[in-house]
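This report walks through one protein chain for a reader who is meeting it for the first time. Please keep the sequence and the three-dimensional view at hand while reading.

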Amino acid sequence: MNGTQLSLLAGAGSGFLLIAALGFQAAGYAPCELCILQRWPHVAAVAVAGLVWLTGRVRALAVLGMIAAGAAMGLALYHVGVEIGWWQGPAHCSGGVGDLAQLSTAELMTRLQAAPVVRCDEVAWRFMGISMAGWNAILSAGLAGLWLLAARKGNKPA
């Protein structure tokens, strides 16, 4: 495979992950804030693959694709750490109580009604003991590797 083909394959991989995430959402697995945040680098990677296809410029764009896939992997690893309890996630989606003791009943009710339903520190689904965020980290690492290969091959023929 040449660099263009590898770039398109990596972009298609990110597209597949986005479709899978939407499929899980349609199946009733509502995403938390960190889940949604992990989707944006994949959107960028799909756009980069589109630019490779349109322009034929592989090297520089593949580096951008690798950065996007690496960002997705980093965000997914952060989310896994929150799920495992290695560190705290954002207070508004990880069950932090903050200043609740100082709130009036009315303020507390307002916050509770506005609070997100899906927690970032609870695993909604696992496959082979690995959460969705864990799978995103693994697959994003593989996509970053594909982007690296694409950058190394550049526009050379297969």
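## Overall layout

Among contacts in the protein chain between residues at least 6 apart in sequence, what percentage join residues at least 24 apart? The share is 80%, where a contact means heavy atoms within 4.5 Å.

This is a predicted model, in which local features need pLDDT of at least 70 and side-chain atom pairs count only at pLDDT 80 or more, while totals for chains, interfaces and linings use all residues. Residues are numbered from 1 along each chain as its sequence is written, and side-chain values use heavy atoms, with hydrogens and water left out.

The protein chain holds five helices and two strands, arranged along the sequence in the pattern α-α-α-α-β-β-α; these elements are DSSP runs numbered from the N terminus, with helices (H or I) of at least four residues and strands (E) of at least two. Of its 158 residues, 35% count as buried, a class that means under 20% relative accessible area, whereas exposed means over 50% and partly exposed lies in between (1.4 Å probe, protein chains only). The accessible surface of the chain comes to about 9,200 Å², and 69% of that surface belongs to carbon and sulfur atoms; such areas come from the Shrake-Rupley method with a 1.4 Å probe, and for residues only the protein chains shown count as cover.

## The nonpolar core

The largest nonpolar core has 18 residues, a core being a set of buried Ala, Val, Leu, Ile, Met, Phe, Trp, Tyr and Cys residues joined through side-chain atoms within 4.5 Å. The elements that give two or more residues to this core are α1 (3-26), α2 (33-55), α3 (59-84) and α5 (132-153), and α5 gives the most, with six residues.

The residues with the most contacts inside the core are Val58, Ala62, Ala69, Leu143, Leu146, Trp147 and Ala150. When residues up to four places away in sequence are not counted, alanine 150 touches Gly3, Leu6, Ser7, Val58 and Ala62. Arginine 59 is placed in helix α3 and counts as partly exposed because its relative accessibility is 43%.

## Aromatic pairs

A search of the whole structure finds four aromatic pairs; rings of Phe, Tyr and Trp (its six-membered ring) pair if their centres lie within 6.5 Å, and planes under 30 degrees apart count as stacked, over 60 as edge-to-face and the rest as tilted. One of these pairs joins phenylalanine 24 and tyrosine 29 in an edge-to-face arrangement, 5.8 Å centre to centre with 70° between the planes. Phenylalanine 24 is partly exposed because its relative accessibility is 25%, and tyrosine 29 is partly exposed because its value is 31%.

Another pair, formed by phenylalanine 127 and tryptophan 135, is tilted, with 6.0 Å centre to centre and 40° between the planes. Phenylalanine 127 has a relative accessible area of 43% and so is partly exposed, as is tryptophan 135 with 22%. Tyr78, Trp86 and Trp87 form one aromatic cluster.

## Surface and loops

Leu8, Leu51, Trp53 and Leu54 form a nonpolar patch on the surface, with about 450 Å² of accessible area together. Patches are made of residues with over 30% relative accessible area and no salt bridge, like charges being joined within 9 Å and nonpolar side chains (Val, Leu, Ile, Met, Phe, Trp, Tyr) within 5 Å; a salt bridge is a side-chain nitrogen of Lys or Arg within 4 Å of a carboxyl oxygen of Asp or Glu. Helix α2 supplies the largest share of the patch, three residues. Leucine 51 lies in α2 and is partly exposed because its relative accessibility is 41%.

Methionine 128 is placed in the loop between β1 (126-127) and β2 (130-131), and its relative accessible area of 64% is why it counts as exposed. Most residues other than glycine have a negative phi, yet phi of methionine 128 is positive, near 55°. Aspartate 121 lies in the loop between α4 (105-114) and β1 and is partly exposed, with a relative accessible area of 21%. The C-alpha atoms of aspartate 121 and glutamate 83 are separated by 4.3 Å, although these residues are 38 apart along the chain.
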